[in-house]
Amino acid sequence: MKNIAILGSTGSIGESALKVIREFPREFRVVALSTNANCAKLYDQVREFKPLFVGVSDLTAAAKLRKKVSRNIRFFDGAEGLSALVSQKKIDHVLMAISGAGALLPLIEAIKYKKQIALANKEALVMAGPLVMAAAARNKVKILPVDSEESAIWQCLEGENKRSLKKIYLTASGGPFKDKPKQYFRNISIKEVLNHPRWKMGRKITVDSATLMNKGLELLETMHLFGVSSGMVEIIIHPEAIVHSMVEFNDGVVMAQLSQPDMRIPIQYALTYPERLKNRLQAPDFAKLNSLTFETPDLKKFPSLGLAYAAARELGTMPAVMNAANEVAVEEFLSGGIRFNDIPEVTAKVMRRHRVKRSPDLSAILCADHCARTDARKAIEDLN
Ligand SMILES: NC(=O)c1ccc[n+]([C@@H]2O[C@H](COP(=O)([O-])OP(=O)(O)OC[C@H]3O[C@@H](n4cnc5c(N)ncnc54)[C@H](OP(=O)(O)O)[C@@H]3O)[C@@H](O)[C@H]2O)c1
């Protein structure tokens, strides 16, 4: 029986993880759940899974929920509360399903307390990959990827000699606007952006998938998880989203991982690793698949991808700055304040102004994140 904490349990990944756990009641026990502010959903989850610990980051929401939950459940509130929650002895595994930069500090804390990590969040590695990976190595903690592409790469590399690895193909569905002309981007509505052709996900990652920044964030995530340079990672558009990524070895062999686009698959693998437990999910039906197609991404149409390659070459504080500016711009787009094609423009402007600090420690990264958010808000004001 594995004792699991799901941070961000009210989100898309959190809910998919709970679906996986419902299928395997003898394998897993949910000991902790958390939300930012969605107390109604968290309350339902608490009633069903009866965790020992609950975390609510938003203080107003926390004050409301605290009155409703049983006194036997230990309650943690605020961002610091989440870091205290992950230190609890009764937690073996932490599934990090918080979106955005808010995952970084609880992730580092969970690693410090030697919890096994199933990592869905990508922003924390983008911001502070070297620090997170060094902390994991120091504490002998495994970071098991949940992101479907990184899970695919991990599965393709299992048992292989890393020195034989020549290249990683990181696949991307291309999002809803792959075939639209550039002129169309100016007037894209929020509704169109949130209508992803292959995946049902949280709002922030759905916008990132439409700009292709999601793939840019994964470029950095891949570099840190597998210790490769940006030059070893080729991003390739694969609209059917059946091949979740591929690795090429130096003998000309390419290995790929294929499955239906359903996040329960990589979540289950990260939670049950090294076992593969039988479930009710179907493998792809090859006779029904007409074709699997691949194409190179158009960097002119999707400048966010170029920004991520630039940040990946620069490293230091630049990826954290790119991530922060993008988070602010996406939030502003989702609240109707800027256009879709302003998102990369705001991000690029903030990155251009930033003076990179090499080998930053955690406080330098948090400081760069903070300044980039202020700069992004200023860049947004300048647009209007
Ligand atoms: N969804 C996918 O298919 C998918 C696939 C691969 C990777 N990922 C990655 O997994 C992460 C989660 O994605 P998602 O789609 O599940 O996002 P989501 O649906 O927006 O859910 C995010 C979860 O994190 C909580 N949260 C957000 N900000 C927080 C903060 N500052 N402090 C504490 N909790 C916070 C949310 O609480 P509220 O409910 O109160 O907002 C919610 O529980 C992202 O980093 C994403 O890139 C997602």
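Helix α2, residues 39-49, lies across strands β2 and β3 (53-56) and runs at about 165° to β2, where the axes are lines fitted to C-alpha atoms, for helices over the stretch in contact, and the angles run from 0 to 180 degrees between N-to-C directions. Contact between two residues here means that their C-beta atoms, placed from the backbone, lie within 7 Å, while helices (H or I, at least four residues) and strands (E, at least two) are DSSP runs numbered from the N terminus. Please keep in mind that this is a predicted model, in which local features need pLDDT of at least 70 and side-chain atom pairs count only at pLDDT 80 or more, whereas totals for chains, interfaces and linings use all residues. Residue numbers start from 1 along each chain as its sequence is written.

Let me turn to the sheet that holds β2. Seven strands form an open sheet in the order β4-β3-β2-β1-β5-β6-β7, with parallel pairing, and two strands are said to pair if DSSP finds at least two bridges between them. The edges are taken by β4 (74-77) and β7, each with a single partner strand, so one side of each is left without a neighbour in the sheet. On average, and with direction ignored, neighbouring strands of this sheet are turned by 20° against each other. Within it, β1 (residues 2-7) and β2 (residues 28-35) run parallel and are joined by five bridges, and Ile4 has Val30 of β2 as its bridge partner.

Next, the domains. The assignment, whose bounds come from an automatic or database source, gives domain 1 (2-145), domain 2 (147-259 + 290-313) and domain 3 (316-384). The centres of domain 1 and domain 2, taken over C-alpha atoms, are separated by 26 Å, and 14 residues of domain 1 are in contact with 16 residues of domain 2. On the domain 1 side, α6 (123-138) and β7 (143-145) are the elements that give two or more residues, with α6 supplying the largest share, six residues. By class, that side has seven nonpolar, five polar and two charged residues, counting Ala, Val, Leu, Ile, Met, Phe, Trp, Tyr, Cys and Pro as nonpolar, Asp, Glu, Lys and Arg as charged, and the others, Gly among them, as polar.

There is a second open sheet, of four strands in the order β9-β8-β10-β11, with mixed pairing, and its edge strands, β9 (233-237) and β11 (254-258), each pair on one side only. Strand β10, residues 243-249, pairs with β11 in the antiparallel sense over five bridges, and Ser245 stands opposite Gln257 in β11. These two strands form a hairpin with four residues between them, and Gly252 in the turn has a positive phi of about 85°. Helix α7 (residues 148-157) lies across β8 (165-172), β10 and β11, at about 40° to β10.

Finally, the ligand. Its shell holds 29 residues, the closest being Gly8, Gly11, Gly102, Met201 and Gly202, where a residue is near if its C-beta atom, placed from the backbone, lies within 6 Å of the molecule. The shell draws at least three residues from each of domain 1 and domain 2, and α1 (12-23) and α9 (203-211) each supply at least two. By class, the shell divides into nine nonpolar, 15 polar and five charged residues.
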